[in-house]
Amino acid sequence: MDSQMKRGILEMCILYQFLSGDYYGYDIMVKMKTFFPDVKDSTFYVILRRLNAEGYTDIYYGNESNGPQRKYYKITEKGQKYLDNSLENWRQLKNIVQELGIH
Amino acid sequence: MNISKKEKYLEQVRNHMLFHYSHRDISSTLEDLNLYFESGTADGRTEEELCDEFGDPQQFVCEISQDKAPSRASFYLSVAYAIGCCILFALSLHVVQDPSQLLCCIATAAIPVFLWYSFGGCSLLQLRNDTAKAHKAELLYFILASALVIVEQVFIVLIHYNFHSMAEGQHRGVLTIYWLSWAGTALSAFVSLAAAYKVYKGYYLSWGSVSCSIGAICSSLLCIFLLLHMEKPIPFSIHMACILPFAISVVLSAVFYLILRRKGRQPWIHR
């Protein structure tokens, strides 16, 4: 798959995961890995890093009772709007492709 | 002492990031990687597995670079320096009518070229993703800039010793070139201040830029000092001594570079 397209899709998928709750970096990488086994963790990390730099996610640190310190990511209002826009574009694209007879 | 797989991996990432990223960026990335390893090992995975899962360190740094939007400000600054260099060169050509002075003009243009390298050229290189290529290109720029500054110094000496045998009409042109050198030195001082500020803010700079800028400033200042006393005869040895600060800075940079490379470290200045 084209790397730009893949990046865009992964970005949307990661942001979508945050709708169901906050995740720490490793956790979201493991979750995404089950759906995208060929993608390296570094790619997920780079996307997380950019989403945060763009202000689509916020971070906070949490301490687990028996584990290491964790850096949690949560979606921001700006991220929510960006996700809505991405999902809208994705649905439109999917419809066009389906209308062309590609399934 | 055995270095763990994780430590080796973090060190490799750090080395690949050194030239391109700020101190803050590098620290934050290493902290994230550290958390990744801690979470992974708490999840029952080995450091080897996690390194493999994260991928090649150089590829990872390249991925970050590709993801980062190139700094337009840096790019425009580089272009501005290059244009400034051309204007100064054109000005030098305009003020000197005698074709025999052409080489002097080219030599005078060495200072802005060196400045462009020091500040703008490095910024341009930052837009490149391949660190190995950027490293080679930086060395090439450095050698070229060093050669140009040495040529400039040699021509300043030649001008000085031929000044009195030149026609009266040529004096004004030659002196203008010297004043352009003054402007170049002032700019060079500004570049060094900017470089110092960047280091203070945690950015990593090339060893060549900083040490050679300082050497070039000292050499130019000495030459200008002598030019102000041009009416008096100056011994050749003293004039040649003007080149010493720059020559010493180049040698020191080369030694510094070789020592760091031998130790397997990246030869960039960092705090």
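These legends describe close-up views of a predicted model. Local features need pLDDT of at least 70, side-chain atom pairs count only at pLDDT 80 or more, and totals for chains, interfaces and linings use all residues. Residues are numbered from 1 along each chain as its sequence is written, chains are lettered from A in the order in which they are written, and side-chain values use heavy atoms, with hydrogens and water left out.

**View 1. Helix α3 of chain A.** Helix α3(A) covers residues 41-53. Helices (H or I, at least four residues) and strands (E, at least two) are DSSP runs, numbered from the N terminus. The 13 residues of α3(A) reach 18 Å from first C-alpha to last, close to the 18 Å expected at 1.5 Å a residue. That expected span is 1.5 Å times one less than the number of residues. Eleven of the 13 residues are buried (under 20% relative accessible area, 1.4 Å probe, protein chains only; exposed is over 50%, partly exposed in between). Among them are F44(A), Y45(A), R49(A) and R50(A). G55(A) follows the helix, with a positive phi near 85°.

**View 2. S42(A) against chain B.** S42(A) lies in helix α3 of chain A. At 3% relative accessibility, this serine counts as buried. Its side chain reaches the backbone oxygen of F54(B) at 2.9 Å. A polar contact is a pair of N or O atoms within 3.5 Å; within protein, one must be able to donate a hydrogen and the other to accept it, and residues adjacent in sequence count only if both atoms are side-chain atoms. Leaving out residues up to four places away in sequence, S42(A) touches F54(B), F60(B) and E63(B) (heavy atoms within 4.5 Å).

View 3. The whole structure holds 13 aromatic pairs. The rings of F54(B) and F60(B) have centres 5.0 Å apart and planes at 80°, so this pair is edge-to-face. Rings of Phe, Tyr and Trp (its six-membered ring) pair if their centres lie within 6.5 Å; planes under 30 degrees apart count as stacked, over 60 as edge-to-face and the rest as tilted. F54(B) is buried at 1% relative accessibility, and F60(B) is buried at 0%.

**View 4. The largest cavity.** Its volume is about 140 Å³. On a 1 Å grid over the protein atoms alone, a cavity is a set of points where a 1.4 Å probe fits but cannot get out; lining residues have an atom within 4 Å of a point. Of the 16 lining residues, G25(A), Y26(A), D32(B), L35(B) and Y36(B) lie nearest the centre. The largest share, five residues, comes from α2(B).

Notes:
1 Å grid on protein atoms, 1.4 Å probe; cavity = no way out; pocket = protein on both sides within 12 Å on 5 of 7 lines; lining within 4 Å. Points joined across faces, edges and corners; volume = space filled by probe spheres on them.
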